[in-house]
Each structure stands twice: as C-alpha cells, then as structure tokens.
Amino acid sequence: MKEEFLHYLWKYCLYDQDSLTDNENNRIVVIHPGEYNRDSGPDFFNARILIAGTEWAGNVEIHSRSSHFNNHSHHRDHAFDNVILHVVAENDKKVFNSRGEELLTVEIRFDPLLYEKYSDLINNPFTIACQNEIQKLDRFFIRHWINALLIERLQEKSDVIMKIFSETGNDWDETFYRIITRYFGFRVNTEPFEMLASALPFRIIRKHADNRFQIEALLFGTSGLLEEGLFKESLSDKYYKDLIREYRILSAKYSLKPVHGWLWKFSRLRPVNFPTIRLSQLSGMLSVAGGLFSRILDANDIKQLRVLFGSEASSYWDDHYIFGKKSNRLPKKTGLQATDIFLINAVIPMIFIYGRFHVRHDLCEKALSFLEETTPEKNSVISDWKSAGIEMESAFYTQALLQLTEEYCRKRRCLQCRIGCKLISQGKTMISQNELMLEP
C-alpha cells in the first residue's frame with residue numbers, strides 16, 4: 001500500500017468514516033483533515049478532530065504501517081510531537097513520540113475498488129494512463145483543469161525568466177533578448193544560443209539596430225562561426241570575409257570574446273534550421289527592433305506578433321545554407337509554424353510574466369487570448385491526446401496538455417492530477433457528486 005494513496009484518501013475523506021475509533025472505541029469525527037504538507041514534517045498540518053466531545057487540533061501523520069513511524073526516525077524528531085492522530089493501513093506496532101507519549105493510531109478502511117482503480121492507472125503501460133476513460137468525464141471539468149495547468153506552465157517559465165531578469169540587473173529588454181535568442185536554438189542549439197546572448201549583450205546590439213550587416217557580423221563573430229577551418233569553402237567567400245573584417249573592428253571596440261564554433265550542431269537538422277540561417281533571421285529581427293519588447297506589449301492580436309517575428313534571412317542566404325557553398329535559390333523566411341512555436345514558448349510567456357510582475361491584468365489576459373488565437377501545436381504528445389478524444393482548440397490547450405503529460409502523466413502523478421483523482425474516486429459507488437469536484 002503506497003502512502004501517497006493513503007494521503008489521497010485522507011485529504012478527500014474517501015474512507016469509511018465510521019470505522020475511525022480510539023482505543024476506548026470512541027468514534028473519531030474528522031472536522032477538518034488539515035493542510036497537506038509536501039515538505040518535511042507531518043503529512044497534514046492543523047487538522048481538527050472530535051473525540052468523546054473533546055476537540056483536538058494538531059497534525060496528522062500517515063504511514064502504510066505504524067512501525068514506519070520509528071523506521072523513519074520520527075520518534076526522535078520533536079517536529080512530530082504535535083501529532084494528534086497516526087493514520088495507517090496496518091497497525092502492527094505501538095509507537096511513541098520523542099516525549100515518550102503513545103500516538104493515537106487508527107487503521108483506515110476504504111472501498112477496495114478505489115485502490116484497484118489507482119493501481120490500474122499507475123501500472124498502465126501507456127503514457128496517458130487514463131486514455132480509455134477520460135471521455136467519461138465532463139468537458140467543463142477538464143476545461144477547468146486545463147486552465148489551471150496552463151497557469152502552472154507559465155509559472156514554471158516565470159521562474160526561469162525571473163532568474164534571467166535578476167542576472168541582467170532587472171533589465172526587461174536584456175531579459176527579452178536572452179529569452180528570444182535562447183528559443184532560436186529550437187532545442188538542438190539552445191545551449192550555444194544562450195551562450196551567445198550572454199557573450200553579446202543587447203545594449204551592444206541596440207547601438208547597431210539600424211545596420212543589419214553589423215548585427216550579422218556581431219552575431220556570427222561572437223557565435224564563433226567565423227572561426228577559420230569550420231567551413232572549408234568559405235576562404236574565398238567575399239561575404240564571409242567581409243563579416244570577419246567587420247567583426248574584428250566591433251569586437252575590438254566592445255572587447256567581445258566569441259564562444260566556441262564547434263558547439264553548434266548541424267547534423268540531423270533540416271538545412272533551413274541550420275544555425276547559420278537562424279542567426280541571420282535573428283539579425284533581421286534585431287535590426288528593426290529598437291523597441292521590440294515595447295512593441296510586443298502594444299500588440300493587439302496574434303497577427304501583429306507574427307509580423308514582428310516572421311523574420312527573413314539576408315539575401316546572401318537565399319542561395320546558401322553554410323558559408324561558401326552555393327545551393328538552390330530559396331529565400332529563408334521563418335515559417336508560420338516555426339513562428340508560432342517561437343511565440344508560444346518565448347514571446348507570449350514574457351508578456352504574461354511582465355504583466356504579473358507589474359500587476360497588469362490587461363497584459364496577462366492579452367497573453368492568454370494570444371494563446372487562444374494561436375494554432376494548436378503538432379507533435380506526438382498532442383496526437384496521443386487527440387487519440388484519447390481530447391480536441392485541441394488552440395495553443396492554449398496544447399500548452400496545458402504538454403504540462404499535463406510532462407509533469408503528471410509521465411511521472412504517474414495521477415493522485416495530483418484532477419482527472420486522475422476523479423477517475424479513482426469514481427471507484428467508490430457511495431460518493432456524492434460534491435465529493436467528485438476534487439482538486440489536488
């Protein structure tokens with residue numbers, strides 16, 4: 001019997017409440033189960049119970065077996081001296097706190113169908129354990145959980161962004177520059193793009209916002225991709241040599257130190273996703289971006305954001321993918337799908353987090369509405385949810401479902417998932433409809 005399952009039963013009162021009695025057979029009435037504690041210390045704080053007309057207030061500790069209290073060294077820990085009730089699946093031993101006082105220990109009884117349902121979910125071989133049952137649930141209930149999951153995902157992104165915000169001396173423009181540069185790596189080259197943004201501050205980029213060639217020189221030079229020997233055919237390439245010449249002047253002026261060129265990955269990437277193409281597209285965005293962050297805050301619909309971030313590589317790259325080697329002519333403009341992925345992961349979270357930081361509810365609402373306007377993402381995770389009968393109306397849904405998959409389904413945290421909680425609770429036939437509105 002897993003303790004997390006017993007926590008779930010206790011938290012939502014999904015047990016036979018008449019079975020709780022003390023050593024003198026007095027019924028224990030649970031007035032409030034307490035506040036669930038996920039950190040060290042007793043499992044539930046500030047519980048309230050009634051025994052023989054006397055109300056007790058304190059903490060509740062839960063174990064599969066009562067002897068686990070000693071196994072976990074709680075009998076030596078003063079933090080457990082205020083435990084008023086020890087709830088167990090099996091009472092195999094009397095236990096005492098650090099003051100030598102015996103704990104009131106009770107065995108919890110429950111409908112075995114609940115544990116069967118729980119076991120079925122956590123032992124399911126599919127990523128989405130409830131894929132065959134989720135359609136039984138009310139769509140409004142799922143939507144409510146989707147909303148919470150999206151905010152949770154944005155909060156996680158907030159932690160990353162606020163760390164960068166602190167590192168940049170509370171500079172929103174510099175923070176935004178680092179975030180968008182990082183996401184230009186599209187996972188494969190995320191790390192070198194992050195290193196590039198740290199090595200080449202936005203304050204330098206901003207000074208050359210009216211000269212795209214200089215921005216390209218700064219980006220390519222500081223990226224290390226102008227290092228001799230990286231591209232065999234580049235030695236006779238005029239554009240390549242011009243970039244080197246310009247970068248030497250600018251790097252001396254700003255004391256820039258390039259990252260290592262060998263960090264960039266080209267293999268197993270489609271040529272349009274080569275870092276050379278992405279860097280040129282980034283330069284196009286930054287060369288007209290004197291007030292890029294203020295522009296995204298002023299945008300009123302997703303179309304305006306797509307225009308801002310649908311950048312095109314410079315004309316040299318129309319017939320190149322790497323320096324010095326010609327290819328078929330094809331302008332390298334960021335596609336709609338790539339632009340939307342970029343907006344979903346970098347731009348829209350920045351709007352939301354900036355709005356939260358400054359208590360601008362209008363910006364938070366605007367960010368959420370942008371996600372509602374954005375086309376749903378397409379990947380294997382989303383395909384699995386579609387197969388399970390969940391229709392994606394927008395990126396608002398897909399972002400929430402990615403959060404659900406990554407943080408709950410794959411980790412088998414069914415008892416912390418509202419969907420999992422509700423499906424498990426339906427194994428208990430005597431439960432009321434009010435009890436079914438579970439929130440982890």
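Modeller: Phenylalanine 186 lies in the loop between helix H5 (172-183) and helix H6 (190-199). Helices (H or I, at least four residues) and strands (E, at least two) are DSSP runs, numbered from the N terminus. This is a predicted model: local features need pLDDT of at least 70, side-chain atom pairs count only at pLDDT 80 or more, and totals for chains, interfaces and linings use all residues. Residues are numbered from 1 along each chain as its sequence is written, and side-chain values use heavy atoms, with hydrogens and water left out.

Biologist: What is the phi of phenylalanine 186?

Modeller: Near 45°, a positive value in a residue other than glycine. Most residues other than glycine have a negative phi.

Biologist: Is phenylalanine 186 buried, exposed or partly exposed?

Modeller: Phenylalanine 186 counts as partly exposed, because its relative accessibility is 27%. Buried means under 20% relative accessible area, exposed over 50%, partly exposed in between (1.4 Å probe, protein chains only).

Biologist: And where is arginine 412?

Modeller: In the loop between helix H16 (395-409) and helix H17 (418-425). Arginine 412 has a positive phi too, about 55°, although it is not a glycine.

Biologist: Why does arginine 412 count as buried?

Modeller: Because its relative accessibility is 17%.

Biologist: New topic. How many helices and strands are in the chain?

Modeller: There are 17 helices and eight strands. The radius of gyration is 29 Å, well over the 22 Å that the globule rule gives for 440 residues, so the chain is more spread out than a compact globule. That radius is taken over C-alpha atoms, and the rule is 2.2 Å times the number of residues to the power 0.38.

Biologist: What box do the C-alpha atoms fill?

Modeller: Roughly 95 × 45 × 40 Å, taken along the principal axes. Buried residues make up 53% of the 440 residues.

Biologist: Now isoleucine 128. Where is it found?

Modeller: In the loop between helix H3 (112-122) and helix H4 (139-167). Isoleucine 128 counts as buried, because its relative accessibility is 2%.

Biologist: What is isoleucine 128 in contact with, leaving aside neighbours within four places in sequence?

Modeller: Asp384 and Trp385. Contact means heavy atoms within 4.5 Å.

Biologist: How far apart are the C-alpha atoms of isoleucine 128 and aspartate 384?

Modeller: They are separated by 7.7 Å, with the two residues 256 apart along the chain. For the chain, residues 24 or more positions apart account for 62% of the contacts with a separation of 6 or more.
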